[in-house]
Amino acid sequence: MFLDLHQIPAGTEFHADLCIIGAGAAGITIARQFIGRPLAVLVVESGGLELDEATQALYQGAIVGRPYFDLDVTRLRYFGGSTNHWGGWCAPLHDIDFQARDWVPHSGWPIARSDLESYYAIAQLLVQIGPPTYDPQVWQNDKHRFPDFQPERMVTQIMQVSEPATHFGERYRDDLAKADNVRVLLNANTLGIESNAAATQATGLRLATLNGVRASVRAKTIVVACGGLESPRVLLLSNDVMAAGLGNQNDLVGRFFMEHPHILTGNLFATDTGNWHHGLSERFIKNGTLIQPVIATSPIAQRAQGTLGYSANFETPVALRPGYPAYRHIRDSIASGALPDHIGRDIWDVVSDLDDVARGMFRATRDDPYHPPYDLSRPIRFYSRLEQCPNPDSRVKLIGEKDALGLNRIALDWRLTELDKRSLRRSQELIGAEFGRLGVGRFKFDDWVLADDTSWPEDLLGGHHHMGTCRMSDDPKRGVVDRDCRVHGFDNLYVAGSAVYATTGYVNPTLTVIALALRLADHLKTQFGLA
Amino acid sequence: MGLPAAGTVSRRRFSRDVIPALIAGLAIALPWLAPAGLPANFDGLIRHRASAERIGRRYLAMLPTATDRSRLLAMSPALGDALQAIRHRPEVAAGLLRRGINDDFRRADTVIVDGWVLAATEARLCAVIALT
């Protein structure tokens with residue numbers, strides 16, 4: 001059921017067996033796992049069911065390192081969390097992403113990919129994509145063939161796209177509304193987590209609405225599921241017993257912030273202007289699943305070259321044609337009961353470019369999205385998406401500025417390392433060699449990539465992927481949470497979501513966030529004797 | 001056609017001129033390299049040559065020591081073999097060169113010259129052009 005803290009008498013104390021802070025992908029996934037179980041679950045969500053400006057403003061913060069998105073733009077603070085603006089790209093992490101790599105400082109998870117295998121399969125269903133196979137041979141079709149890369153260098157990485165992206169708030173709202181044992185408390189901002197004097201047991205939460213209603217929670221177990229920027233903030237703000245914040249006895253909470261740097265890095269000049277690139281140039285649908293292929297360096301290459309993960313997608317130039325877009329404009333306008341604004345020009349475009357109209361209509365009959373013809377007389381741009389090296393100096397920290405609730409805001413100090421740059425350069429050199437071997441063209445670096453070991457352009461951004469700030473390790477001196485996502489030193493305090501990533505690989509994080517949440521839910525079931 | 005105004009070979013020019021000359025048109029391009037046998041259509045190829053020379057000079061500048069033509073040929077046997085064959089059997093020379101370049105790419109024996117990822121043999125071919 002859904003409750004609104006605005007409608008609850010001030011001073012109410014809620015009781016729960018399991019309290020989850022945050023109703024995003026991780027929080028909703030965990031809560032759903034307990035529907036119908038003999039357990040009182042309380043999901044505490046800062047926002048309501050829709051975006052609210054004042055609540056969203058609680059996410060404002062400072063950027064003190066590399067340029068980054070505004071902190072109240074890069075995430076969403078209402079029911080469904082950041083899935084409300086999710087792009088839908090999905091792929092599981094690879095074996096190598098979990099392993100300790102001697103060339104990557106601070107690498108290595110205490111769990112393996114195999115520990116998540118069964119959860120990935122369920123996560124695929126939750127985000128409404130295809131079967132859990134990512135073998136490019138399975139997904140290619142007659143039109144979209146993938147280059148025959150040498151596996152010691154490169155692979156075609158399949159991304160399955162949740163399209164339209166599953167917004168967890170919309171998709172799973174009814175499940176939680178109908179559940180007798182699950183309460184979702186909206187407009188309830190967590191002011192802090194309370195613990196016993198020894199800081200070994202979390203005991204509850206202090207809550208408040210923006211208009212001053214106060215409440216509290218007593219819970220046997222608490223899960224912080226607020227994302228990679230807010231989860232460390234919640235722990236750091238919970239400083240009644242531990243001045244440095246809960247779980248921060250080793251000054252690790254908020255450190256190791258990682259993103260997937262996104263940036264244009266070079267060009268492939270095709271000497272073979274045939275159809276070899278179609279598989280990498282466009283999204284396509286196979287067996288009802290939308291596929292976005294990208295290229296990536298293989299795990300073998302990463303080991304041999306001492307590099308981080310690297311991926312890129314082709315931005316293949318197109319020859320813009322007026323015909324089919326004009327036809328579509330006329331068709332859609334008429335369907336909506338109006339005449340196009342410039343009907344004369346649209347008709348002329350259709351009449352003068354019947355080839356394109358015919359091509360578009362033919363593709364439409366085959367459930368094949370329209371795409372203008374490619375123009376390989378111009379270079380194919382590489383839009384790279386990189387794994388970032390874990391770096392303790394890349395961090396989220398509290399600052400003196402306060403939000404509307406009187407809580408310290410955060411500053412993000414995002415930093416990259418020499419290994420990040422070297423990995424990009426070496427990966428692209430390998431890719432250049434591979435496209436040369438395939439006889440399809442020559443690769444040219446963008447100048448800045450070769451300039452030196454540390455500089456990055458101002459327009460380098462991330463993918464809105466906030467990871468690593470409560471990292472997982474069995475060693476309390478190296479991580480905030482253990483392999484079960486339990487905060488070191490605590491019996492009953494957990495972190496869910498991308499904050500626990502030890503390293504990030506190069507694939508998008510949401511599928512793994514959900515797999516980790518499912519695994520945590522299983523662990524909690526065992527703790528509650530429900531397994 | 002003159003050299004690029006800036007200190008680099010433009011991407012467009014490299015794409016349009018050098019790659020077709022080196023890869024697709026090796027059999028045509030290679031006669032440049034025969035000191036005593038410039039083709040009749042040399043003027044038509046000179047634009048390729050200018051770009052190749054630019055790459056070649058850049059490559060030579062990257063080498064730790066001054067390098068002459070014979071040393072370049074020794075570094076890339078395929079290039080040496082191709083130049084041996086060029087006068088009498090240009091189609092064989094083109095094939096040898098193409099194979100040498102492919103082998104380089106397969107072994108990742110590549111160099112980055114002016115931002116381009118080139119087979120070592122390819123870069124040395126440009127260097128020989130620059131020295132000829």
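This is a predicted model: local features need pLDDT of at least 70, side-chain atom pairs count only at pLDDT 80 or more; totals for chains, interfaces and linings use all residues.
Me: Why is the contact between Asp251(A) and Arg255(A) called a salt bridge?

Reply: The closest N and O atoms of Asp251(A) and Arg255(A) are 2.9 Å apart. A salt bridge asks for a side-chain nitrogen of Lys or Arg within 4 Å of a carboxyl oxygen of Asp or Glu. The pair is therefore counted as a salt bridge.

Me: Are Asp251(A) and Arg255(A) buried or partly exposed, and how do you know?

Reply: Arg255(A) has a relative accessible area of 15%, and buried means under 20%, so Arg255(A) is buried. Asp251(A) has 35%. That value lies between the 20% and 50% limits, so Asp251(A) is partly exposed.

Me: What makes the pair Asp353(A) and Arg321(A) a link between separate parts of chain A?

Reply: Their side chains meet in a salt bridge, with 2.7 Å from N to O. Asp353(A) sits in the loop between α11 (343-352) and α12 (354-365), while Arg321(A) sits in the loop between β14 (310-315) and α10 (323-335). The two parts are 32 residues apart in sequence, so the pair ties them together.

Me: Which label, buried or partly exposed, goes to Asp353(A) and which to Arg321(A)?

Reply: Asp353(A) has 8% relative accessibility, so with the limit for buried at under 20% it counts as buried. Arg321(A), at 27%, falls between 20% and 50% and is therefore partly exposed.

Me: How do you know that Arg422(A) and Glu418(A) are about one turn of a helix apart?

Reply: Both residues lie in helix α13 (residues 418-437) of chain A, and they are four residues apart, which is about one turn of the helix. Arg422(A) has a relative accessible area of 36% and Glu418(A) has 30%. Each value lies between 20% and 50%, so each residue is partly exposed.

Me: How many salt bridges does the whole structure hold, and which residues are linked in a network?

Reply: The search finds 38 salt bridges over all chains. Glu13(A), Glu194(A), Arg206(A), Arg218(A) and Asp240(A) are linked in a network of salt bridges.

Me: What makes up the lining of the second largest pocket?

Reply: The second largest pocket has a volume of about 330 Å³. Of its 21 lining residues, Pro92(A), His94(A), Arg113(A), Tyr134(A) and Gln157(A) are the closest to its centre. Elements giving two or more residues to the lining are α3 (95-98), α4 (117-126), β6 (154-161) and α9 (299-305) of chain A. The lining residues divide into eleven nonpolar, seven polar and three charged.

Me: Why is Glu122(B) called buried, and where does it lie?

Reply: Glu122(B) is in helix α7 (residues 120-131) of chain B. Its relative accessible area is 2%, and the limit for buried is under 20%, so Glu122(B) is buried.

Me: What is chain B made of, and how much of it counts as buried?

Reply: Chain B has seven helices and two strands, in the order α-α-α-α-α-α-β-β-α from the N terminus. Of its 132 residues, 55% count as buried. Its accessible surface comes to about 6100 Å², and carbon and sulfur atoms hold 54% of that.

Terms used:
Residues are numbered from 1 along each chain as its sequence is written. Chains are lettered from A and ligands numbered from 1 in the order in which they are written. Side-chain values use heavy atoms; hydrogens and water are left out. On a 1 Å grid over the protein atoms alone, a cavity is a set of points where a 1.4 Å probe fits but cannot get out, and a pocket is an open set with protein on both sides within 12 Å along at least five of seven lines; lining residues have an atom within 4 Å of a point. Grid points are joined across faces, edges and corners, and a volume is the space filled by probe spheres set on the points. Ala, Val, Leu, Ile, Met, Phe, Trp, Tyr, Cys and Pro count as nonpolar, Asp, Glu, Lys and Arg as charged, and the others, Gly among them, as polar. Buried means under 20% relative accessible area, exposed over 50%, partly exposed in between (1.4 Å probe, protein chains only). Accessible areas come from the Shrake-Rupley method with a 1.4 Å probe; for residues, only the protein chains shown count as cover.
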